Amino acid sequence: MDAEGPQALCDLCLAQVCRSLDALCSKRADGSICLSWAPLFPQEMADQLLRKMATKGILNDTTVGIFRNCKELRLRRASIRCCSVSAEAFRLALCPHRLQELDASWVSGGLTGANIVIGLASNPECRSSLQRLSLTGLHVDSESLAEDGGTRVGFSSLQGLRTLNLANTDLTDAVLEDICTLPQLESLDISCSAISKLTALLDCKNTLRSLITHRLRQLDMSPASLLFVLSQLHALRHLDFSEDHFAVDDSDGKDGDETLRQLLEGSPQVLPSLVSLDISGRKRITEAAVRAFVEARGGLFFLGLLATEASSCDVLSSRKNLKVTGDANEDQVCEALRRYRDRECFVREALVHLYNLTTDIDKPRPDILKLVLSAMQSHTNSLHVHLVATACVFNLTTQNLAEAMPLSLLSSTVTQLLYAMKTFPNHQQVQKNCLLALCSDYILQDVPFDKYLAAMLVINWLCSHEDPTLQRMAVAVISILVAKLSTEETAQLGKDVFIMKLLAIVQQKAMLGVVDSTLKFALSALWNLTDEMPTAARNFIECQGLELYEEVLESYYTEPSIQQKVLGLLNNIAEVEVLQADLMREDLLEHILSLLQDSQVEVGVRYFAGGTLAQLASRPEAWTLGDELRSTILKHLHASIMTWTQLEREMVSYRSFSPFCPLLQTLQPSGVQLWAVWAIHLVCSQNTSHYSSMMEKEGVTELLKALAAHPETHADIKGLSDSILRMVEQHHTVPKMC
């Protein structure tokens, strides 16, 4: 079981509701939907359903309509974050509820801050009940906050508001003045807004406990004026006055830095309640100022110092209960990733330091991998974040580290890697980082993720790049992934352009006469791509693959690992009746026959040589070469197979036994029958449970019984057939463990 345990039953049920909305709902005249029948939901579950729909990306003007039913679905803590919802849909579905919290951050669909405020204020209950409101990333549209029946409608209409987030908005000084008249305002985030003055904060100086003013680029106040306003906020416990260090040059931010210097070095009587200060990104902060501030404030529990060059200050390590974001050690970097998840500038900075810290890591750290994954998910379109994050993922999952990670965490991480490959297809380093991380047997074999998407992304990349190192990794990944795909998915990958690219790699290596992993992986990928795939096999032939493979067979005569893969693919072609004529080449078949007869050649090579010849010799009506050659092949097939020793290692796996069925007919020559029976015996003895059910389903068991009972069947074939049937029978009679 995954170390994180099974998914909660409530989550599973809500996910099922999300998947079944079409069946559970009917449509209104305006196109929105409503539940055909709804029980009285527990209140918290209604909130969770809304959040689940939002996170799954299915919340929109149509689906949000189910929440117009305020009696059965009662919302209190609503989240429509990053959804596409119009003003009208919002008004009808959410405003009638007695909301306590609303997160409408980054909503698209034309919904503005003004729409939300006016809509919520239209509900008398919401005016007093709403305590938390987040409108991050929205257009406030302050001009629309106008008169409504003679009464000014603004943020101050929501008298119960305690927490307000207006980061990354077009918030104006005039709207801020309105906000600061709220009687219970405790927490305010106006980061990255157009605010130029903070004087309005004096109106809420007795209630404001948290103020976040990250990157106020248009702030126009002298250090003295700014410090005066801050010094009047007697209740303030948390102050964030951080800056985007990437966006600030040497001439920017001086007034803010001077204000902070005076605050750090000044009397603790200024902001006496302050226990948390974030000044990350402020380049001119000195260790001396930080030391003075920390020593004067015994109750301090958080200090943000990332990208300040002051996080190595010795006084910080002496305060055990003090959390610090910075780059001096792992704790500081991880704290930065936790706290700054939504701030790209700080996430980038922290990831760079994390990469250096994890380069030689030798213990599994799922806690850190979670932080990296969260950073990637929060900044899906940031090249800078993914460039470093994908490198961190490789560090954290390399060698045996991945096997100690929770499976669900690895699955989510690989999914994000694929997203990065898809989003940044032409960035070589991102692709390299992702391929490095994917190039793990454990991840490719045991971790659940969209393997078809992964194969498509890697093959597409391979077709447009030539870097030898990445080529080796890409071909390795493809060769494993293709074997994991369904028949339909494999067919999509067997296009001629992909076949041509893999053949080009084989030809490139063969011309140099080298034997390396790239060549072997390319041969394996082609073998798997043509497995029971007539179209891919046809593409292989049309791309002159047979001519190349005949040369490879001859030039790599002493390399059984190469020969086995080449003959495995020829076996695939030989299984397709309409393509057998393409293999009727006397030189090619005589060479394959010589491999079959040579007792010095490994059994694995002789096995696939025999399979190719057995398929071709099984259809006399399609044989276009001399009868003497066919007779020789049939004679040596039987004789050679009887000398083969049983293989211990798993050499081959089959999607189905359908290509064997024609070979098991009682009228077939004994050499053909013997090869098919030997092959079935081989795989059944290595994985009885898998192949016995396949035999029953595809009628192979009945064919073997008929073969064993036929009076003209050779004794060698009867013996192997009986052995297989005994294996299958024993497997079915063994009692299963509960």
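Q: In this predicted model, where a salt bridge is a side-chain nitrogen of Lys or Arg within 4 Å of a carboxyl oxygen of Asp or Glu, what is the N to O distance between the side chains of Glu-101 and Arg-77?
A: Glu-101 lies in strand β4 and Arg-77 in strand β3, so their pairing ties together parts that are 24 residues apart in sequence. Glu-101 is partly exposed at 26% relative accessibility, and Arg-77 is likewise partly exposed, with a value of 36%. The two side chains meet in a salt bridge whose N to O distance is 3.4 Å.

Q: Is Glu-335 buried or exposed?
A: Glu-335 forms a salt bridge with Arg-339 at 2.7 Å, N to O, and because the two stand four residues apart in helix α12 (residues 330-339), about one helical turn separates them. Arg-339 is partly exposed at 40% relative accessibility. Since buried means under 20% relative accessible area, Glu-335, at 8%, counts as buried.

Q: How many residues apart are Arg-538 and Asp-582?
A: Arg-538 and Asp-582 form a salt bridge, with their closest N and O atoms 3.6 Å apart. The pair links distant parts of the chain, for Arg-538 belongs to helix α24 (residues 534-542) and Asp-582 to the loop between α26 and α27, and their separation is 44 residues.

Q: What is the volume of the second largest pocket?
A: The lining of this pocket comprises 33 residues, with Met-651 and Ser-653 among those nearest its centre, and it divides into 13 nonpolar, eleven polar and nine charged residues. Helices α20, α23, α26 and α31 each supply at least two residues of that lining. The volume of the second largest pocket is about 970 Å³.

Technical notes
Residues are numbered from 1 along each chain as its sequence is written. This is a predicted model: local features need pLDDT of at least 70, side-chain atom pairs count only at pLDDT 80 or more; totals for chains, interfaces and linings use all residues. Side-chain values use heavy atoms; hydrogens and water are left out. On a 1 Å grid over the protein atoms alone, a cavity is a set of points where a 1.4 Å probe fits but cannot get out, and a pocket is an open set with protein on both sides within 12 Å along at least five of seven lines; lining residues have an atom within 4 Å of a point. Grid points are joined across faces, edges and corners, and a volume is the space filled by probe spheres set on the points. Ala, Val, Leu, Ile, Met, Phe, Trp, Tyr, Cys and Pro count as nonpolar, Asp, Glu, Lys and Arg as charged, and the others, Gly among them, as polar. Buried means under 20% relative accessible area, exposed over 50%, partly exposed in between (1.4 Å probe, protein chains only).
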